[in-house]
Amino acid sequence: MSTQGRVLKIDRFDDDKTKREKDIRELTRHERIEKSRGIKIKILKQISSTLDFKKVSYEDLSGSVWKNKIKEAVINSFENGENKNESASFKEEIANDLLNEITGLGPIEGLLKDDEVNEIMINGRDHIYIERKGKLSLSDKFFSSDEMILSMIDRILAPLGKRVDISSPTVDARLKDGSRVHAIIPPLSLNGPVITIRKFSEKILSVHDLVRLGTLTEELGEFLQAIVGERKNIIVAGGTGSGKTTLLNFLSSFISDDQRIVTIEDSSELKLHQEHTIYLESRPPNIEGKGEVSIRELVRNTLRMRPDRIIVGECRGGEALDMLQAMNTGHEGCMTTLHANSPRDSLARLETMVLMAGFELPIRAIREQISSAIDIIIHLARLPNGRRAVTSVTEVCGTEESVITTQELFTLKRGNDSKFEKIEPTGNIPKFSDSTL
């Protein structure tokens, strides 16, 4: 047999071995989940017969009195049941999980408190994925049932006056700590209830924090501080999970305290330290399809509120036209985010969103509006190693023959080993001001 043949056989053997090990891990995990789930369901039936907690308000359930009642009932169920010989640590784990599922956010309570976890993705009752340091992994947590996930969603939505049901199977919300929540339930989701939670840091990250994380350099941080101070209109663009909202929060920290700021979002995520800040949030239609207040309507109302700065959490549609008009009528220093794959793609996306406003404007007029309104596009990306980084800072210079012209001021360089390195200036001087450098 040739050496190549032996290598191929060894590779296949290694692949088969890895697959077998993975199958064993999955089987072990499945067995553990099913064992714990069976115990939880039995205990839930037992304590439900003595404690009618389903009729208790969420506020009372979260109180210490009911928490103690539920925990005591769980412990008694262990002592008087067939699982009394289980280890103390296992009993404690089951008791805490059930307590969290009944009164709180279930098995994800601990994940929400873990500062290293950025995102939590619940794909049905058995699969809870987490993102830690930019990498996805399957956690060892699980829910007792889909009904428990739906109860958790209700606990999140109740204080916000929102709902999710068969007639309205998707919803956006937020937790008390500001984390963003998106939920989608059957019949739209075939996996059972699916929840995505994007966590946000309670503090606004400083230049030193973002340098440590590899998002930008001190030189770029100083440049960004300068353009915010000079009231340049800024777009923060990038893909999903690239860090757009985090950077928008960072940029807002450079706004002086003597300015009136109005933020507009679908679900409030921005946390500004300035006292003179007005937070506006859109509202979806009610069950009769009435009462909707869109981002676009809020942008138009903001213009009557004497804002020094307007910050739109994300532009998705026709509100882009109102935003551009605001920028072009004396409202300087506006900021927003949008989804785009590159700075040039950001401009194309803006054109499309302006057309979504419902006005038949010629492309030339739209491009002139964009070029006169937008000063800087900051593009972010999540790199292969999980790091979120600014990959480009681009200046919008104007139009030439109906084409928007730009020049790149900072770009992410590659090293000799083809790995990403830090973002560096290109050497181009901004046309809008020499004093910003």
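Visitor: Which residue in E3 is the bridge partner of Glu131?

Guide: This is a predicted model, in which local features need pLDDT of at least 70 and side-chain atom pairs count only at pLDDT 80 or more, while totals for chains, interfaces and linings use all residues. Residues are numbered from 1 along each chain as its sequence is written, and side-chain values use heavy atoms, with hydrogens and water left out. Strands (E, at least two residues) and helices (H or I, at least four) are DSSP runs numbered from the N terminus, and two strands pair if DSSP finds at least two bridges between them. E2 and strand E3 (residues 135–138) are antiparallel over 4 bridges, and the partner of Glu131 is Leu136.

Visitor: Which residue in the turn between E2 and E3 has a positive phi?

Guide: E2 and E3 form a hairpin with 2 residues between them. The positive phi, of about 55 degrees, belongs to Lys133.

Visitor: Which residue takes a positive phi in the hairpin of E1 and E2?

Guide: Strand E1 (residues 117–123) is joined to strand E2 (residues 128–132) by 5 bridges in the antiparallel sense, and Met121 stands opposite Tyr129 in E2. The hairpin has 4 residues between the strands. A positive phi near 80 degrees is taken by Gly124.

Visitor: Which strands stand at the edges of the open sheet, and why is one side of each left without a neighbour?

Guide: The sheet has 6 strands in the order E3-E2-E1-E6-E5-E4, with antiparallel pairing. Because each edge strand has a single partner strand, one side of each is left without a neighbour in the sheet; these strands are E3 and E4 (170–174).

Visitor: Which residue in E5 is the bridge partner of Arg174?

Guide: E4 pairs with strand E5 (residues 180–184) over 5 bridges, in the antiparallel sense. Within E5, the partner of Arg174 is Arg180.

Visitor: At what angle does helix H6 run to E4?

Guide: Axes are lines fitted to C-alpha atoms, for helices over the stretch in contact (heavy atoms within 4.5 Å), and angles run from 0 to 180 degrees between N-to-C directions. Helix H6 (residues 146–157) lies across E1, E4, E5 and strand E6 (194–198). The angle of H6 to E4 is about 55 degrees.

Visitor: What percentage of the residues in the chain is buried?

Guide: The chain has 13 helices and 15 strands. Buried means under 20% relative accessible area, with a 1.4 Å probe and protein chains only. Of the 437 residues in the chain, the buried ones make up 47%.

Key. Buried means under 20% relative accessible area, exposed over 50%, partly exposed in between (1.4 Å probe, protein chains only).
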